Amino acid sequence: MTSNQRDELINVLKARFEKHKNRHQNIAWADVAAKLDANPAKVWSLNEMELTGGEPDVVEYDSATDEYVFYDCSVESPKGRRSVCYDREGQDSRKEYKPENNAVDLAAELGIDLLTEEQYRALQQLGPFDTKTSSWIMTPAAIRKLGGALFAEYRYGHVFVFHNSAPSYYAARGFRGSLRV
């Protein structure tokens, strides 16, 4: 990233932080900014989250690790991360119509983690997300071993967690990530 790109991203993150204070009560932007200054690799990941439509924002401070936690806070599943299978195994198992990527590998490329079910439910406490889309979430190994993968969405005032085969993909399903800084 150039210094101009970095400055532009920091300005976007700060504006989002100030606009959505309900997501991070009792957290000061100056403290977040200091962490970002000390972690250029994390700033790169936040930029990738932003470029793929995630609209990352601070949602938590973990005092045990002294880290701020960012989640993708776009209203719908990030546009630049849709139409993906769950993981490489699922992607490789498709005989035809293979998607260009998968959620697990793309998250790793971006330097972020897929949201867990617990994190997804916590996100929904901050507002309604995925009311028209759905997002792959971290799938327990026992479910994945049997060929399945989990996704979640928000409908009818409720969080629904469903299963699908890992090779499946849909235009309205992407994934949300988290990043600790």
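Thr139 counts as buried, at 9% relative accessibility in this predicted model. The cut-off for buried is under 20% relative accessible area. Thr139 sits in the loop between β4 (134-137) and α7 (141-145). Which residues does Thr139 contact, beyond its neighbours within four places in sequence? They are Tyr86, Arg144, Gly148, Ala149 and Leu150. A further C-alpha distance can be given for Thr139: Gly90 is 13 Å away in space and 49 residues away in sequence.

Glu109 belongs to helix α5. At 48% relative accessibility, Glu109 counts as partly exposed. Outside the four places on either side in sequence, Glu109 is in contact with Trp44 and Asn101. The C-alpha atoms of Glu109 and Ser45 are 8.8 Å apart, while the two residues are separated by 64 residues in sequence.

**Backbone with positive phi**

Most residues other than glycine have a negative phi. Glu55 has a positive phi, near 50°. Tyr156 also has a positive phi, near 55°. Glu55 lies in the loop between α3 and β1 (56-62). Tyr156 lies in the loop between β5 and β6 (158-165). Is Tyr156 buried or exposed? Tyr156 is exposed, with a relative accessible area of 82%. Glu55 is partly exposed, at 35%.

The accessibility values discussed so far are set out here.

| Residue | Relative accessible area | Class |
|---|---|---|
| Thr139 | 9% | buried |
| Glu109 | 48% | partly exposed |
| Glu55 | 35% | partly exposed |
| Tyr156 | 82% | exposed |

**Helix packing**

Helix α1 (residues 3-19) and helix α2 have axes that come within 11 Å. They cross at roughly 155°. Angles over 145 degrees count as roughly antiparallel, so α1 is roughly antiparallel to α2. The crossing of α1 and α2 is right-handed. On the α1 side, the contact uses Arg6, Ile10, Leu13, Lys14 and Phe17. On the α2 side, it uses Trp29, Val32, Leu36 and Asp37. By class, the contact of α1 with α2 has six nonpolar, no polar and three charged residues.

Helix α2 (residues 29-38) also packs on helix α3 (residues 40-51). Here the angle is about 105°, and the axes are 5 Å apart. How is α2 oriented relative to α3? The range for roughly perpendicular is 65 to 115 degrees, and therefore α2 is roughly perpendicular to α3. Leu36, Asp37 and Ala38 of α2 meet Pro40, Val43 and Leu46 of α3. The contact of α2 with α3 has five nonpolar, no polar and one charged residues. Leu36 and Asp37 of α2 take part in the contact with α1, and they take part in the contact with α3.

**Nonpolar cores**

In soluble globular proteins, nonpolar side chains tend to be buried together. The largest nonpolar core here has 30 residues. Which of its members touch the most other members? They are Trp29, Val32, Leu36, Leu46, Phe70, Trp136 and Phe175. Several elements each supply at least two residues of this core: α1, α2, α3, β2 (67-72), α5 (103-110) and β5 (148-155). A second, separate core has twelve residues. Its members include Val59, Cys73, Phe129 and Ile137.

Leu36 links these topics. It is listed in the contact of α1 with α2, in the contact of α2 with α3, and among the residues of the largest core that touch the most other members.

Key
Residues numbered from 1 in each chain as written. Predicted model: local features only at pLDDT ≥ 70, side-chain atom pairs only at ≥ 80, totals over all residues. Heavy atoms only, no water. Axes fitted to C-alpha atoms, helices over the stretch in contact; angles between N-to-C directions. Helix = DSSP H or I, 4+ residues; strand = E, 2+ residues; numbered from the N terminus. Parallel < 35°, antiparallel > 145°, perpendicular 65-115°, else oblique. Contact = heavy atoms within 4.5 Å. Nonpolar A, V, L, I, M, F, W, Y, C, P; charged D, E, K, R; others polar. Left-handed = near helix turned anticlockwise from the far one by under 90°. Core = buried A, V, L, I, M, F, W, Y, C linked by side-chain atoms within 4.5 Å. Buried < 20%, exposed > 50% of the residue type's maximum accessible area, 1.4 Å probe, protein only.
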